[in-house]
Amino acid sequence: MALWKDSLVARFHRRTSSQAPLLPVKGARPLGEPLTSLPENEGGSSNVDRAENTPRESEGSEPTNDSVHSKMATATNSKTALPAPAVQNTPSTIREELFDEANGTLRMKKFKQFLMEEVDGAEASAPLTAYCFMTGFIDAVCFSAVFVWCAFQTGNSVQLALALARLFGGTHDLSFHLADQQALCSVLSFIFGAFIGRLGDKIGCKTRVWMSFGTFIQAVLTMAAAISIWKSGQGSVADARDNPAWSNTISFVCIGFMSASMGLQGIMGKRLNTQFTTTVVLTTTWCELMTEPKLFEFRRLVASRDHKIVAIVALFVGGFTGRALLDKIGSAGTLGVGTALRLLIALWWFLIPKKTKQ
């Protein structure tokens, strides 16, 4: 009976050798124990005794359950480990990337729209007042050195007319005086600066990007004038009209850069069409102020009157400031300060609200 039972269990184990044995036999290893280690003898006998009692496959005996599982473990370990799975973007990650890309595109679109908005001239009193200040500031530097205006081209034009009239005088003076040469340089450079304003007509003469970029160009021209007069090594204040402080070639370059910056400023101010007009001349401003219908209504604010007064006062203060700085830091230093002021004005235009449709 015992032999029949042992043979039946052995056959059952052989049929289920592809998986863990369903019925444990004597000497079988626990499931948690490594397959490569030999089980200890429960009765305290040595490994040699167990090896002698264990049938060998080479002698023709059937393989035991331990040997079958040992071969299975060896075959499993000999196989190459599977490669790590490829990391793929989850749907949530893809949605986040698309959302970030859409936000970046939307922000760029809004920024471009912000730059191309037309500024409200009625709300641009601060930078336009600074424009008027810079007119007096730059003219003080030029007139103190050579008695030529960089912004007031009316006087320079009349001076050239007088130089031409001398040809027909009784003395027949055919010489081209230094003061006349400087006046001609100022007029031509002013015209060139105003011509640059045509670029604003292509972009949009009232757009925020042009008002800021055009003011930046003015700052670059002013900086070039400062470097030129610094390299010329000449003085800052003339002793008399017949003895100007600037007379060499590099000083002409300085006059040209200053006049070009004023020409560009003039056309930019004019395109906004405000009470500040061109910001570079006061002749029209004085005339319009004196004929203002509400000139004597002091109990309330009147934009058409008050803005003209602000423009006149700002230009006066600018001239006073420029002349005061000349005695302290010279022409190059004063123009350097003017460059910094124009850079601040260029940034100021980004703070002006857009023009609303009425």
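Trainee: Where is D120 found?
Mentor: D120 lies in the loop between α4 (91-115) and α5 (125-146). Keep in mind that this is a predicted model.

Trainee: Is D120 buried or exposed?
Mentor: D120 is buried, because its relative accessible area is 18% and buried means under 20%.

Trainee: What does D120 touch, not counting residues up to four places away in sequence?
Mentor: I352, P353, K354 and K355. D120 and I352 are 232 residues apart along the chain, yet their C-alpha atoms are separated by 7.1 Å.

Trainee: New topic. How many aromatic pairs are there?
Mentor: The count comes to eight. One of them is F143 with W149: the ring centres are 4.1 Å apart and the planes are at 10°, so the pair is stacked. F143 is partly exposed at 21%, and W149 is partly exposed at 28%.

Trainee: What about W210 and F213?
Mentor: That aromatic pair is tilted, with 6.4 Å centre to centre and 55° between the planes. W210 and F213 are three residues apart in helix α9 (residues 208-232), so about one helical turn separates them. W210 counts as buried at 2% relative accessibility, while F213 counts as partly exposed at 37%.

Trainee: Which residues form one aromatic cluster?
Mentor: F143, F147, W149 and F152.

Trainee: And what sits over the ring of F114?
Mentor: The charged end of R208, 4.1 Å from the ring centre.

Trainee: Last one. Where is T278?
Mentor: T278 is in the loop between α10 (249-272) and α11 (283-290). T278 counts as buried at 19% relative accessibility. Leaving aside neighbours within four places in sequence, T278 is in contact with Q265, G266, G269 and K270.

Conventions. Residues numbered from 1 in each chain as written. Predicted model: local features only at pLDDT ≥ 70, side-chain atom pairs only at ≥ 80, totals over all residues. Heavy atoms only, no water. Helix = DSSP H or I, 4+ residues; strand = E, 2+ residues; numbered from the N terminus. Buried < 20%, exposed > 50% of the residue type's maximum accessible area, 1.4 Å probe, protein only. Contact = heavy atoms within 4.5 Å. Phe/Tyr/Trp six-rings, centres within 6.5 Å; stacked < 30°, edge-to-face > 60°. Lys NZ or Arg CZ within 6 Å of the ring centre and 35° of its normal.
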